[in-house]
Every structure is written in structure tokens, then in C-alpha cells.
Amino acid sequence: MPASVPREASQLAAGLFAGDRRALARAITLAETGGRAARELIGEIFAHTGRAHVIGVTGAPGVGKSTLVDRLAMEYRRAGKSVGIVAVDPSSPFTGGAVLGDRIRMYLGASDPEVFIRSLASRGHLGGLSVATDDVVRLMDAAGLEVVIVETVGAGQSEVEVMEVAHSTTVVLAPGLGDDIQAIKAGILEIGDVFVVNKADRDGADRTAMELEVMLDLGGERPWRPPVLKVVAREGQGVAEVTAAIGAHAEYLRSSGRWSDLERRRAASKVREVVTARVSLEVFESRRFGTDRLVEQVANREIDPYSAADEILRAYRAGGPDHQRAGGEEG
Ligand SMILES: Nc1nc2c(ncn2[C@@H]2O[C@H](COP(=O)(O)OP(=O)(O)OP(=O)(O)O)[C@@H](O)[C@H]2O)c(=O)[nH]1
Ligand SMILES: [Mg+2]
């Protein structure tokens with residue numbers, strides 16, 4: 001029923017603005033499904049986004065990200081802020097990981113409408129964030145949630161991708177897992193705005209924190225030197241310091257103008273992603289521009305891939321195979 005699509009989107013958007021959490025839940029499901037209805041919905045809500053502080057929490061499996069996220073959420077609730085949580089590819093409760101939101105629900109009761117938790121599967125999107133993650137974050141933002149926390153397992157690419165969504169990225173480490181801290185890729189140092197050495201109740205936390213400090217100092221003078229904080233997330237120890245550091249980072253972003261830079265960069269990368277996907281659909285997947293024939297020729301080594309691409313694009317710019325010869329040269 002294509003005719004109902006716009007109405008569904010605007011109804012969901014209206015519910016979402018009114019604080020209806022069921023509407024938000026349904027809107028997120030729609031965004032995950034993708035397609036035209038999802039685009040309609042984002043179109044309805046986009047102008048109402050941009051208020052939330054988006055916080056990324058990333059780190060190796062089992063370092064205590066979910067436990068920390070729960071505690072952060074409690075801390076924000078204590079401060080009177082509403083919180084949205086997006087867990088990308090949450091670990092299975094059967095692998096011994098904490099079930100995200102368990103503690104929050106125990107602490108606040110399941111019915112607190114000011115905490116909204118949602119898990120997303122990454123759908124095989126190359127080790128990284130689910131394609132709909134940023135749309136889900138926007139929906140929570142539009143729904144008035146003041147802080148949106150995105151938890152993602154650090155697996156190389158996803159660490160970098162979390163930055164594309166978050167204003168402030170918290171990198172979580174734990175002693176033991178990160179004993180050989182030199183082995184940590186430089187990448188993790190670059191993406192962290194706040195570093196948390198969790199499981200500080202265990203041996204080795206001091207050393208991990210010290211080594212991190214040294215490595216961060218090697219980075220030289222910077223306008224924002226990421227703090228390193230020791231935390232026992234399971235007990236809630238040091239969590240207030242983490243929210244304070246995240247708050248200070250937001251303050252720094254705003255006062256330095258970097259908040260707007262981030263928004264601009266994010267806008268560019270999103271539009272680019274959508275354009276890339278659409279052009280690929282229109283030009284390559286549509287197979288209207290001699291694609292099949294050219295691919296076959298590349299496979300047979302009759303033509304190289306770059307020349308094949310040139311030919312496909314030439315046909316596309318000329319308006320397709322039917323018009324290819326009719327219009328002559330452009331310009
Ligand atoms: N000793 C100790 N254990 C902790 C602490 N915080 C979390 N844990 C335990 O570490 C294990 C993993 O915690 P999670 O919060 O599930 O870790 P995670 O990083 O979200 O794990 P994945 O999502 O699977 O990557 C659980 O058994 C927690 O109880 C802590 O401060 N100290
Ligand atoms: Mg987790």
C-alpha cells in the first residue's frame with residue numbers, strides 16, 4: 001500500500017515528537033527496514049534533530065562496555081537527563097556478557113520513559129556499525145532524548161565508524177586484555193576522546209592507565225588531551241568522573257567550534273554514502289549501460305576494469321544505450 005507510506009511516516013513522527021515511546025520503537029523498526037518509508041520518516045524528523053549529545057562507547061570484547069553504559073545511563077538519569085542507548089551487535093547473554101539495560105531496569109524500574117534501549121544487528125556490514133545506526137540515533141534525538149549512547153564492539157573499522165556517529169568517543173580498556181598495550185593500534189589512541197580503564201579492581205589497571213598516559217603524551221600538544229580514567233563499572237566506581245569528562249569534552253567541542261565541524265563532516269559523509277549507494281544502484285546494478293557485456297569482457301581479459309568503468313559512465317552520461325549516439329557530444 002504505497003499510498004499509506006507518507007501517512008505512516010508522519011503519524012510515527014507526530015507520536016515520536018509527543019514523547020510516545022511506542023512510536024519511537026516502531027519508527028526505529030521502520031528505519032532498520034530501510035526503503036522508501038524509512039526515508040520518508042527521516043525526512044519528517046530530520047529538522048528536529050541536532051540537540052542530543054551522542055556518545056560512542058567502544059572497546060575490545062568483554063572489557064565491560066555494557067556494564068559501563070548501564071552505569072553511565074544511571075548517572076545521567078540521576079542528573080535529570082533522558083537517555084537513549086543503541087547497542088550494535090550486542091553480545092549474546094549466553095557468552096557471559098552483561099545484558100545491556102539489566103541494571104538500569106533494576107535501578108529505575110522497567111517503566112521509566114526517560115531511558116530507551118535498543119539493540120541493532122549489524123547485518124554483516126563489514127565488521128562495523130549497522131547501516132541504520134545513524135538513522136536510529138537521529139530518531140532518538142528527535143524524540144527528545146538528551147543523551148544518546150552507542151555501544152559497539154571495537155573491531156577495527158567499527159571503532160572508526162562510531163566516530164562518524166558520536167560527538168564524544170569513549171574507548172574502554174581492561175587490564176589483562178590489554179596487558180601488552182604497545183600492541184594496541186595507534187588507531188584507538190586517535191579515536192578516543194575519553195579513555196576508561198575498566199576493571200580497576202583487578203591487578204594491572206594502574207599499569208595499563210600509565211602506559212596509556214605515556215602513549216597519549218607522545219601525541220604532543222593538542223587542544224583536547226583525552227583523560228584516562230580508572231573505573232570499576234560493576235560497582236559504579238569512577239563513573240561520575242566519566243560523565244564529567246564527557247561533559248567537558250562536549251564543552252570543548254562547542255567552545256572551539258569543533259561541534260559544528262563534526263556536524264558538517266557528518267553531513268558530508270552521510271550524503272556521500274547515500275549518493276554512492278544510489279549511483280551504484282542506478283549505474284551499475286541497473287545493468288542498463290552495457291554492464292553485463294563489459295564485465296564479461298573484463299573477465300575474458302579483453303578490456304581492463306578501468307576502461308570498462310569509463311565506458312559504463314560514458315553510456316550513463318549520454319543518457320543510456322538508447323540515446324548514446326543520438327545526442328552527440330555533451331557541452
Ligand atoms: N572485575 C570486574 N569485572 C567487570 C567490571 N565491569 C564489568 N565486568 C565484567 O566483565 C564481563 C563483561 O562485561 P560486559 O559489560 O558484558 O562487557 P562488554 O564489553 O559489553 O562485552 P561485549 O559486549 O561482549 O564486547 C562481565 O562478566 C562483567 O560482569 C569491573 O569493573 N570489574
Ligand atoms: Mg556489551
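## The buried face of helix α10

In this predicted model, the buried residues of helix α10 are V239, V242, T243, A245, I246, H249 and L253. Viewed down the axis of α10, these buried residues fall within an arc of 160 degrees, so they line one face of the helix. An α-helix has 3.6 residues a turn, so residues three or four places apart point the same way. On the other side of α10, by contrast, E251 and S255 are exposed.

The cover over the buried residues of α10 is drawn from several elements, including the strands β1 (53-59), β5 (168-173), β6 (194-197) and β7 (228-230), together with the helices α4 (65-78) and α11 (258-285).

## Length and end of α10

Helix α10 comprises 18 residues, 239-256, and at 1.5 Å a residue it should span 26 Å; its end C-alpha atoms are 26 Å apart, which agrees with that expectation. The helix is followed by G257, whose phi is positive, near 85 degrees.

## The pairing of α2 with α6

Elsewhere in the chain, helix α2 (residues 21-33) and helix α6 (residues 133-142) have axes that come within 9 Å of each other and cross at roughly 160 degrees. Because angles over 145 degrees count as roughly antiparallel, this crossing makes α2 roughly antiparallel to α6. The crossing in which α2 passes α6 is right-handed, and the contact is made by L24, A27, I28 and A31 on the α2 side and by D135, V136 and L139 on the α6 side.

What value does phi take at K199? It is near 60 degrees, which is a positive value in a residue other than glycine. K199 sits in the loop between β6 and α9 (205-218), and because 25 other C-beta atoms lie within 10 Å, where 20 or more are required, K199 is classed as buried.

R287 likewise has a positive phi, of about 55 degrees, although it is not a glycine. R287 is found in the loop between α11 and α12 (291-299). Is R287 buried or exposed? With 12 C-beta neighbours inside 10 Å, and with 12 or fewer being the condition for exposure, R287 counts as exposed.

Note on methods:
Residues numbered from 1 in each chain as written. Chains lettered and ligands numbered in written order. Predicted model: local features only at pLDDT ≥ 70, side-chain atom pairs only at ≥ 80, totals over all residues. Helix = DSSP H or I, 4+ residues; strand = E, 2+ residues; numbered from the N terminus. Expected span 1.5 Å × (residues − 1). Arc of directions from axis to C-beta. Contact = placed C-beta atoms within 7 Å. Axes fitted to C-alpha atoms, helices over the stretch in contact; angles between N-to-C directions. Parallel < 35°, antiparallel > 145°, perpendicular 65-115°, else oblique. Left-handed = near helix turned anticlockwise from the far one by under 90°.
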